[in-house]
Amino acid sequence: MSDIFKAYDVRGIVPDELNVDWARAIGAAFAQVVATDRVIVGYDMRLSSDALKSALVEGLNASGVDVIDVGLASTDLLYFASGRLDLPGVMITASHNPGNYNGIKFCRAGASPVGAESGLVEVQELATKYLATTVPVRAVQGTCERRSMLDEYVAHVRSFVDVTKLRGLRVVADTANGMGGLIVGPVFDDLGVSLEVMYGELDGSFPNHPADPIQPENLVDLRAKVLSMGADVGLAFDGDADRVFLVDDKAAPVSGSTTTALIARRILSRFPGETILYNLICSKAVPEVITQAGGTAIRTRVGHSFIKAEMARTGAIFGGEHSGHYYFRDNYRADSGMIAALTVLEEIAIQGSSLSEMRGSLERYSDSGEVNTKVQDTAAVLAFVENAYQGRAVVDHLDGLTLDFGDWWFNLRPSNTEPLLRLNLEAPTDDEVSRRSHEVLAVVAKADSEVIR
């Protein structure tokens with residue numbers, strides 16, 4: 001599933017750039033590109049989502065396409081519906097972005113991705129054309145049927161684990177007034193889990209804190225609640241609940257790399273020898289854990305469309321990203337924060353160890369986190385940096401520039417939407433990470449100054 005537009009609205013009602021006219025045109029454009037007679041539509045709790053959804057449905061119906069409206073939904077529920085019904089899907093959401101943003105995500109039948117090379121550009125071009133002229137209207141227009149998929153979704157995500165093992169666990173889930181508030185309760189209901197949901201009311205104004213759990217400041221309340229409740233784990237979902245971040249029993253945040261390694265180990269204990277994907281900014285510990293657990297580790301580019309394509313090519317059972325996206329082959333190769341959360345809980349229960357104890361064997365290096373630097377010309381700066389380290393490292397261009405020096409490595413990737421380079425660096429110690437990060441960023445700054453000349 002791919003984003004096409006995100007826009008800012010100073011009024012906080014319907015975005016100036018992505019408005020109902022755009023949504024109607026996009027619906028008609030998507031209908032033509034996917035060439036189907038039925039499409040599934042879902043939307044999140046943002047203040048503008050309902051109006052945008054209604055306009056999108058108008059565009060689809062005008063094109064003769066019948067709509068199955070699954071209503072308020074998490075993005076992974078929409079993925080599930082697309083996979084289960086084998087139909088294309090559209091989700092109105094801006095994920096982790098502030099409440100006055102909104103966007104549209106797409107997938108083809110079976111939850112397969114829509115990317116720049118698989119229809120996204122065509123949708124945008126057609127929508128632009130329809131906005132400038134008029135949305136075509138077929139003689140026989142489509143219908144809209146309301147259908148809840150929540151119960152089927154709950155049964156599906158539960159099928160990935162032995163739910164009887166979860167009894168007695170203590171869990172805090174911070175859904176940040178996002179779509180996690182719709183799914184967390186039903187998934188855990190009657191499982192014997194002691195569950196406390198924080199900010200479970202659906203509220204697109206995000207009155208408590210932003211629904212962006214990758215930012216440490218948005219985990220403050222969850223960390224405090226984990227300690228006060230004596231919980232085994234804290235779960236932090238983003239706005240559309242397709243991502244989850246963990247807080248351990250000592251209230252320490254857990255990285256996406258560590259979570260990927262933990263889930264991979266659990267899956268390989270049940271399905272020995274399977275292939276696991278990890279993206280190239282994950283810790284080197286991830287492929288080490290996969291290999292030690294008897295699996296085959298394959299490194300991928302960052303981003304869902306690349307990971308889903310590689311899963312299809314290799315038959316991989318699981319794929320993880322450092323950003324908190326976790327993909328499951330039996331979930332139509334789509335990502336799901338809820339399936340990831342249940343898998344982690346099953347591992348805690350079966351191992352009989354706390355998350356804070358288990359993570360020790362999975363965290364073997366220190367990392368910089370993602371450091372963004374604004375530059376004038378990303379391509380020129382990358383070429384300069386590569387030349388500056390020529391002969392000193394193993395070089396690859398799978399996604400941006402990766403230089404591996406053996407005992408430390410870094411990746412520089414250009415942003416898709418801004419003149420930014422994103423640095424991720426890993427080394428044996430925090431001191432080494434600090435030293436090497438300053439070194440690489442100094443080279444980037446020198447490169448940028450020379451590009452300006």
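**Ground rules.** I am working on a predicted model, where local features need pLDDT of at least 70, side-chain atom pairs count only at pLDDT 80 or more, and totals for chains, interfaces and linings use all residues. Residues are numbered from 1 along each chain as its sequence is written, and side-chain values use heavy atoms, with hydrogens and water left out.

Entry 1: I began with the voids. Rolling a probe the size of a water molecule over the atoms shows where empty space is left. The search used a 1 Å grid over the protein atoms alone; a cavity is a set of points where a 1.4 Å probe fits but cannot get out, while a pocket is an open set with protein on both sides within 12 Å along at least five of seven lines. Lining residues have an atom within 4 Å of a point. Points are joined across faces, edges and corners, and a volume is the space filled by probe spheres set on the points.

How many cavities of 30 Å³ or more does the whole structure hold? I found 1, and the largest cavity has a volume of about 30 Å³. Its lining includes Asp 174, Ala 176, His 209, Asn 218 and Phe 237. By class I noted 7 nonpolar, 2 polar and 2 charged residues in that lining. For the classes, Ala, Val, Leu, Ile, Met, Phe, Trp, Tyr, Cys and Pro count as nonpolar, Asp, Glu, Lys and Arg as charged, and the others, Gly among them, as polar.

Entry 2: Next I looked at the second largest pocket, with a volume of about 210 Å³. It is lined by 13 residues, and those closest to its centre are Phe 160, Arg 270, Phe 271, Phe 328 and Asp 330. The lining divides into 5 nonpolar, 3 polar and 5 charged residues. Helix α8 (256-270) gives the largest share, 3 residues; α8 and α11 each supply at least two. Helices (H or I, at least four residues) and strands (E, at least two) are DSSP runs, numbered from the N terminus.

**Entry 3: nonpolar cores.** A nonpolar core here is a set of buried Ala, Val, Leu, Ile, Met, Phe, Trp, Tyr and Cys residues joined through side-chain atoms within 4.5 Å. Buried means under 20% relative accessible area, exposed over 50%, and partly exposed in between (1.4 Å probe, protein chains only).

Which members of the largest core touch the most others? Of its 68 residues, they are Tyr 153, Phe 188, Leu 235, Phe 318, Phe 328 and Met 338. Helix α11 (residues 337-351) gives the most to this core, with 8 residues. Apart from it lies another core of 32 residues, among them Ala 55, Ala 62, Val 90 and Tyr 130.

I then picked out Leu 235. Not counting residues up to four places away in sequence, its contacts (heavy atoms within 4.5 Å) include Val 172, Phe 188, Leu 222, Phe 245 and Ala 341.

**Entry 4: salt bridges.** I counted 28 salt bridges, each a side-chain nitrogen of Lys or Arg within 4 Å of a carboxyl oxygen of Asp or Glu.

Arg 24 is partly exposed at 25%, as is Glu 58 at 40%.

Asp 248 and Arg 359 form another bridge, their closest N and O atoms being 2.7 Å apart. The two sit in separate loops, 111 residues apart. Asp 248 is buried at 3% and Arg 359 is buried at 11%. I also noted a network of salt bridges linking Arg 265, Arg 266, Glu 346 and Glu 347.

**Entry 5: positive phi.** Most residues other than glycine have a negative phi, and most peptide bonds are trans. Ala 241 has a phi near 65° and lies in the loop between β9 (233-237) and β10. Ala 241 is buried, with a relative accessible area of 0%.
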